[in-house]
Each structure stands twice: as C-alpha cells, then as structure tokens.
Amino acid sequence: MQDYEKIRHAVKTGDKIMELAASLGLDPRRNTIKDLADRLLENALAELDAESPTTD
C-alpha cells in the first residue's frame, strides 16, 4: 500500500508541474524541467528588477 501512496504522490506532483509549465506558456510535451526552471528564474529576476528602486 505504501508504494501506491508514493506513486499517487508522484503523479499529483507531476500534474502540478505540468499545470505550472502550461501557465507560463510552456508546452509540457516539448519543454523540459530545466526550461521550466529557467522561466521561473527569469520571472523572479524580472520581479526583483521591477521592485528595486532605480538610482540615477
């Protein structure tokens, strides 16, 4: 029964990853987890740039 729970958890996690990728405009069938990580990093850095005050 424990194996079933591990598999079920893995499937739920995979589904969430696919949903996240799709929400960012990535195609889960063509893009890799690395592509998803790169996109998340790009978005996070863009948010930081937008939040940081500019000093001219």
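**Exercise 1. Determine how accessible E5 is, and describe its salt bridge with R8.**

Step 1. E5 has a relative accessibility of 39% and therefore counts as partly exposed, a class lying between buried, under 20% relative accessible area, and exposed, over 50%, with a 1.4 Å probe and protein chains only as cover. The structure is a predicted model, in which local features need pLDDT of at least 70 and side-chain atom pairs count only at pLDDT 80 or more, whereas totals for chains, interfaces and linings use all residues. Residues are numbered from 1 along each chain as its sequence is written, and side-chain values use heavy atoms, with hydrogens and water left out.

Step 2. R8 forms a salt bridge with E5, with the closest N and O atoms 4.0 Å apart; the term requires a side-chain nitrogen of Lys or Arg within 4 Å of a carboxyl oxygen of Asp or Glu. R8, at 39% relative accessibility, counts as partly exposed.

Step 3. Both R8 and E5 belong to helix α1 (residues 2-23), where they are three residues apart, about one turn of the helix. Helices are DSSP runs of H or I with at least four residues, strands are runs of E with at least two, and the numbering starts from the N terminus. An α-helix has 3.6 residues a turn, so residues three or four places apart point the same way.

**Exercise 2. Check the span of α1 against its number of residues, and identify what follows the helix.**

Step 1. The expected span is 1.5 Å times one less than the number of residues in the helix. For the 22 residues of α1 this should give 32 Å, which agrees with the 32 Å between its end C-alpha atoms.

Step 2. G25, whose phi is positive, near 85 degrees, follows α1.

**Exercise 3. Describe the overall dimensions of the chain, and locate the nonpolar patch that includes L48.**

Step 1. The secondary structure comes to two helices and zero strands. The radius of gyration of the chain is 16 Å, but a compact globule of 56 residues would have one near 10 Å; the radius is taken over C-alpha atoms, and the globule rule is 2.2 Å times the number of residues to the power 0.38.

Step 2. Along the principal axes, the C-alpha atoms fill a box of roughly 60 × 25 × 15 Å. D49 and K6, which are 43 residues apart in sequence, are 39 Å apart in space, C-alpha to C-alpha.

Step 3. Buried residues make up 9% of the 56 residues in the chain. L48 lies in helix α2 (residues 33-51) and, at 52% relative accessibility, counts as exposed. Together with L41 and L45, L48 forms a nonpolar patch on the surface, with about 290 Å² of accessible area in total. Such areas come from the Shrake-Rupley method with a 1.4 Å probe, and for residues only the protein chains shown count as cover. Patches are made of residues with over 30% relative accessible area and no salt bridge, with like charges joined within 9 Å and nonpolar side chains (Val, Leu, Ile, Met, Phe, Trp, Tyr) within 5 Å.
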